[in-house]
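Please look over the structure below alongside these notes.

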Amino acid sequence: MAGTVTTSRREFLQGLLAVGLAGVSPRVVTAQARDPFAGGIMAGTRPLFGRGPDNPLETMIGSGLDARLITDLSTLTPDTLITPNERFYVRTGCPDLLDLSRPWALRLGGAVKRPVTLTLGQLAPDVAEMGAHLLECAGNSNPRYFGLMSAARWSGVPIARVLERVQPTDRRGRLLVSGFDRHSQPSRTSTPGASWIFGAGELERAGAFLATGMNGVPLPRDHGFPLRLIVPRWYGCACIKWVNAIDIVADGAAATSQMKEFAARTFQRDRPDLARDYTPAVIDHAAMPIRVEQWVVDGRVLYRVVGILWGGEQPTDALAIRFRSGEPYVRVDACTKPASTTTWTLWWHAWRPPSPGRYDIVLKIDDPNIRSRRLDLYYYVRSVDIEQI
Ligand SMILES: Nc1nc2c(c(=O)[nH]1)N[C@H]1C(S)=C(S)[C@@H](COP(=O)(O)O)O[C@H]1N2
Ligand SMILES: [Mo]
């Protein structure tokens, strides 16, 4: 395997000299110039699996705080990188006690000169397109699917714009964003009371916004209608739905129950009591395989591992793969450096397993300057059984 890569690198360098493509990413050129699947046919796919509950995909299971809808990531193609609303993962369904018959009110209060209450009509003139953003539940932990992750195009109002309407009296004050979260049924799995406290200026720096629209339509009820917070590059637990209040709170404010519930899953040390002792719940660079295609090219079996790359701050294409422990990692064949890391991108890798059997697909970011805590923990490892070689 290492030999294959060395050869293709040398060929690439020769090609670079021949056509003078200096500055163009080697991976991309190699993949485009010599598509190993050219002239082949795809015979099927090999299922990826991991140990976890076998739930139905893309249908709602449970209700209220226990509601879940799991997105099927195995079918992603360049044309389907935006998840339709009805397939977008759900963590917590619309609370049954939410009264949508009365006009929505967003209270801005706490340590401000004069609290204000905003209607949706007052926010409407500031609504703009906010682009594609992925959401991932910090509890996206079922290796069979890892499907508590989806991407949509959002519209909404930048948080900075909302906050212009109040004058803080506490410069170091933190921002408490609260959402409606009263359900008539108790939860089996989750603590009710969704709210999150952000550091001063943290939401503005992250480009956070209050979303009102999702994929060109008003927010669906299960996704936080009529207002939800989106914090680009943060885990979903901070992206409060049904937002009804934003308060400026003291620097020493206590952490919310939601922050504590997700402390371990957002890499906090212990479960700090104070909000200021939490590190940002950001998604590091991560990657996983989503399907393994079985091809026949020139009469021989060749596999194409297709996967996604997401998270992190700076875009990277330094993705490396390995199929068995002890094997060296090799750079994946085709991984385009994305323009931004607010949503996922696809990569693929041609693979000839040396023998039939089970393989565990492990990915890592081949760059010591990039933090990828979940990949370091082998979090997104998935297995595949190979029969034909
Ligand atoms: N009010 C409220 N907001 C919430 C939650 C909740 O339980 N209540 N769950 C959070 C979690 S853990 C996640 S992962 C995201 C899920 O958003 P989605 O269901 O639109 O995908 O919403 C977040 N916002
Ligand atoms: Mo979540």
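**Notes on the predicted model**

1. Helix H7 spans residues 373–376 and includes Arg373. The model is a predicted one. Arg373 has a relative accessibility of 16%, so this residue counts as buried, the cut-off for buried being under 20%. Apart from neighbours within four places in sequence, the contacts of Arg373 are Phe267, Val282 and Asp284.

2. Searching the whole structure for aromatic pairs gives 12. One of them is Phe88 with Tyr89: the ring centres are 5.7 Å apart and the planes are at 15°, so this pair is stacked, as planes under 30 degrees apart count as such. Phe88 is buried at a relative accessible area of 1%, and Tyr89 is buried at 5%.

3. Tyr379 and Tyr380 also pair, with ring centres 4.7 Å apart. Their planes are at 65°, so the arrangement is edge-to-face; the cut-off for that class is over 60 degrees. Tyr379 is partly exposed, with 23% relative accessibility, whereas Tyr380 is buried, with a relative accessible area of 3%.

4. Two arginines are placed over tyrosine faces. Arg374 lies over the face of Tyr379, 4.1 Å from the ring centre. Tyr379 therefore has a part both in the edge-to-face pair with Tyr380 and in this arginine placement. Arg324 lies over the face of Tyr359, at 3.9 Å from the ring centre.

Technical notes
Residues are numbered from 1 along each chain as its sequence is written. Chains are lettered from A and ligands numbered from 1 in the order in which they are written. This is a predicted model: local features need pLDDT of at least 70, side-chain atom pairs count only at pLDDT 80 or more; totals for chains, interfaces and linings use all residues. Side-chain values use heavy atoms; hydrogens and water are left out. Helices (H or I, at least four residues) and strands (E, at least two) are DSSP runs, numbered from the N terminus. Buried means under 20% relative accessible area, exposed over 50%, partly exposed in between (1.4 Å probe, protein chains only). Contact means heavy atoms within 4.5 Å. Rings of Phe, Tyr and Trp (its six-membered ring) pair if their centres lie within 6.5 Å; planes under 30 degrees apart count as stacked, over 60 as edge-to-face and the rest as tilted. A charge sits over a ring if NZ of Lys or CZ of Arg is within 6 Å of the ring centre and within 35 degrees of the ring normal.
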